[in-house]
Amino acid sequence: MLKHILTSLTGGPVTEAAPAPADQALAELAGKLDKAAKARLGRSLSIREVDAGSCNGCELEIHALNNPIYDLERFGIRFVASPRHADVLLVTGPVARNMREALVRTWDATPGPKWLVACGDCAVSGGLFAGGYACVGPVEEVLPVDLRIPGCPPRPTDLLAGLLALLETSAAR
Amino acid sequence: MYGEEPLFGLLNRIGTPVEGHRPWPRYRLGRDGWLRLIEGLAGNGWSLLGLWGEPKAVHAAFREDFSGDVAVVSLDCPQGRFPSLSAVRPAANRLERAAHDLYGLVAERTTDPRPWLDHDAWGVRRPLSEQPAAPVPNPGPYTFLPVEGEGLHQIPVGPVHAGIIEPGHFRFTANGETVVRLEERLGYVHRGVEGLMQGRPVAEAARLAARISGDATVAHSLAFARAVEAALGIEVPARAVWLRALMAELERIANHLGDIGAICNDAAFAFMLAQTSQLRERVLRTADACFGHRLMMDRVIPGGVATDLPERGAGLLLELVAELRKRFPPLVAIYDGKASLQDRTVTTGFVSAELVTRFGAGGHVGRASGRDQDARRSPGYAPYDELTFEVPVLTEGDVNARVWVRIREVEQSLSLIEQIVARLPAISRGLDHPSVPLEAGRGGEGMALVESFRGEILTWVRLDGEGVVTRCHPRDPSWFQWPLLEAAIGGNIVADFPLCNKSFNCSYAGHDL
Ligand code: SF4
């Protein structure tokens, strides 16, 4: 055990360099963040993840952001346990109708200023589940979306690039 | 009890075989036959493999555990009613409730008639029946089972939990710190997969199958593909068969690594998660380099596989195996030697052998409680009949045993990958037929049992002559594991729930469909 911890301590960081913030995401976000929000948030974001009908593939890649290789927290971005602590809701899934109310309530419980990121093809467009009796479709049909990160599921680097864009935009003066 | 009437003995007496159902027979029963079946089920070793509905019929699948015989039984129910199996097979209850919510089939004399998938939010009742109805009148709030007693209090949790986790509702009744009862309410991520599959060509339905549960995308795709291939009597190219097994084992390793770390993390030992999540990432990157997708989604398709291993693939895989062989055992030693971890996992979340057998629970949940069952071995499918592997079985039935089953399975899968890489047939890649080659007018019914990292998946499919899915039922292993989680937490403290839950890691999406 001790040996292992020592190797971990002396082996240098395993973290990889971050991708550049996604250009497309920067463009999508431009103008969406008002001054008050920028002043309030600075360079940190708290994210509450909401699964609104995902197959859990998106969740696996969101989890990966927390591993030491992507290490999301080094950017000041962290996942929080309650919407009341969050600046951002990261929503996955084609909004299952059974989850619609819970999603809206979670959004209502998030204090402003707040943003909503649609993560994955399902959340962006409804994916393969659009048009069925059980799903609403894209998240934007239920709540206003500030940023879309497509992919099925998006790779951790895509997620990171999108979230960094959000951070950049919110911190810009 | 074995020695009573064998499964086929009874079915041949009470039912008539149906043509064109492969590879196992399907029997049509009359109402009397169905009642006779229920009697027969009361005292023997047949486990329920699945139960699913259609607008005017209900089907159930069984395995005689001793002989490995598998059969499907069907009952026409023109009035939309059938005698319930839930009294003799409690695992049938939630499946019957799902069949009711989707098809309007009423299970007579059921042990629990409450709705399950229908949360009164679809804007329609029995959406897959012949005549879907408007949802009036509103049935009112869901009733949880009553709990009475001095000093009891309830803790409702979810559907939105703390953490990055799928949605579901847990209703704990506790006495102080001790959980007296847990009741689950699921169905929040019901996306209507079965309904969306109907009327789709197999290639499109396969994409839906890949998204039933993202962590088991290879296994669900494989189960769907094999069911379709059985229905149509298609031979898959040899290389594709081996590539499929390769992907399935990579998926198993990646999931077990992630879960082992997550369980330790919930026991406040974050070091382990930091280590195993690096190893998991290493597996996903190799999968990406070999198959072009980190989770290998849409790579197993009916008729073969969608991508072949690149030239450097074999080398990458062997490097991966070598690295995991080096880096995983020291972590296992730490897990085994850490008193603070053992204190949390040993004897926590106990599930008895009797219960896993009654529910027919598979995967690490069943095998940690002594149920020696693995679909790769029985009924078995290619190429596993040509590979050497052990199925680890323990009897302690606690969180620790479930962790150890997973550790041993990682080791087995590493060896399987080595064997597959060494013996991968060189020719006939299965890429020449990216979709199923269909002969006009040929349809049929097929079923497959596939071992995912969490247990046995059953997929049943019926195709018309045009290769269009008319009915498909994928049954995730979670159906038979979720109920046991309720039992596992009883008598433990509330704070141990995350540990129990993680050690099961049932799928919400796979269960809710
Ligand atoms: S986008 Fe893909 S991975 Fe994400 S929830 Fe939808 S189907 Fe699953």
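User: Which residues make the nonpolar surface patch of about 270 Å²?

Analyst: Good place to start! A patch is built from residues with over 30% relative accessible area and no salt bridge, where nonpolar side chains (Val, Leu, Ile, Met, Phe, Trp, Tyr) are joined within 5 Å and like charges within 9 Å. Accessible areas come from the Shrake-Rupley method with a 1.4 Å probe, and for residues only the protein chains shown count as cover. Here, the patch is made by A:Met1, A:Ile5 and A:Leu9. Before we go on: this is a predicted model, where local features need pLDDT of at least 70, side-chain atom pairs count only at pLDDT 80 or more, and totals for chains, interfaces and linings use all residues. Residues are numbered from 1 along each chain as its sequence is written, chains are lettered from A and ligands numbered from 1 in the order in which they are written, and side-chain values use heavy atoms, leaving out hydrogens and water.

User: Is A:Leu9 buried or exposed?

Analyst: Buried means under 20% relative accessible area, exposed over 50%, and partly exposed in between (1.4 Å probe, protein chains only). A:Leu9 has 65%, so A:Leu9 is exposed. You will find A:Leu9 in helix H1 (residues 2–10) of chain A; helices (H or I, at least four residues) and strands (E, at least two) are DSSP runs, numbered from the N terminus.

User: How do I read the area buried between chain B and chain A?

Analyst: The size of an interface is often given as the accessible area lost when the parts come together. Buried area is that loss (1.4 Å probe), summed over both parts. In this model about 3900 Å² is buried between chain B and chain A, with carbon and sulfur atoms giving 63%. B:Val160, B:Ile164 and B:Arg191 supply 19% of the area that chain B buries against chain A, more than any other three residues.

User: How many salt bridges are there between chain B and chain A?

Analyst: A salt bridge is a side-chain nitrogen of Lys or Arg within 4 Å of a carboxyl oxygen of Asp or Glu. The two chains have three. One of the pairs joins B:Arg294 to A:Glu61, with the closest N and O atoms 2.5 Å apart.

User: Where is B:Glu194, and what does B:Glu194 touch?

Analyst: B:Glu194 sits in helix H4 (residues 193–197) of chain B. Its relative accessibility is 5%, so B:Glu194 counts as buried. Contact means heavy atoms within 4.5 Å. Not counting residues up to four places away in sequence, B:Glu194 touches several residues, including B:Tyr103, B:Arg471 and B:His473.

Terms used: Buried area is the accessible area (1.4 Å probe) that two parts lose on being put together, summed over both.
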